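Look at the sequence and structure first, then read on.

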Amino acid sequence: KATVEGTPVALTRKEFDLLNMLLRKRGTVAYTTHLYHSVWGYGDSSPVDSHTVKVHISSLRSKLGPKFGRRIVNLPGLGYRLDD
């Protein structure tokens, strides 16, 4: 269950899993490759669809609202980081 300032936020399972992964790696780089393989469950040898990750991150930011959504920082060519 996810909340923003006490208000429940309806997330899809993938959005919730992405948020969970970003929270666990807070302050460090969550590489797109790692997010894709971990959240979507594909093996390490499968090709990474970075667009899928990007679209879900965008949706997650939108649902979290401007104050918290902007804390998910894009690191071009690497992945994402959740800032405090």
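## Overall fold

Along the sequence, the elements of the protein follow the order β-β-α-β-α-α-β-β. In total there are three helices and five strands; these are DSSP runs numbered from the N terminus, with helices being H or I of at least four residues and strands E of at least two. This is a predicted model, in which local features need pLDDT of at least 70, side-chain atom pairs count only at pLDDT 80 or more, and totals for chains, interfaces and linings use all residues. Residues are numbered from 1 along each chain as its sequence is written, and side-chain values use heavy atoms, leaving out hydrogens and water.

## Burial

Of the 84 residues in the protein, 33% are buried, meaning under 20% relative accessible area with a 1.4 Å probe, protein chains only.

## Helix 2 and helix 3

Helix 2 (residues 32-40) packs against helix 3 (residues 50-69) at an angle of about 80°, and their axes are 9 Å apart. Axes are lines fitted to C-alpha atoms over the stretch in contact, and angles run from 0 to 180 degrees between N-to-C directions. The two helices are therefore roughly perpendicular, the term for 65 to 115 degrees.

Thr 32, Leu 35, Tyr 36 and Trp 40 of helix 2 meet Ser 50, Thr 52, Val 53 and His 56 of helix 3, where contact means heavy atoms within 4.5 Å.

## Helix 1 and helix 3

Helix 1 (residues 13-24) packs on helix 3 at about 85°, with axes 10 Å apart. Helix 1 is therefore roughly perpendicular to helix 3. On the helix 1 side, the residues that meet helix 3 are Lys 14, Glu 15, Leu 18, Leu 19 and Leu 22. Their partners in helix 3 include His 56, Ile 57 and Leu 60.

Definitions and conventions:
Parallel < 35°, antiparallel > 145°, perpendicular 65-115°, else oblique. Buried < 20%, exposed > 50% of the residue type's maximum accessible area, 1.4 Å probe, protein only.
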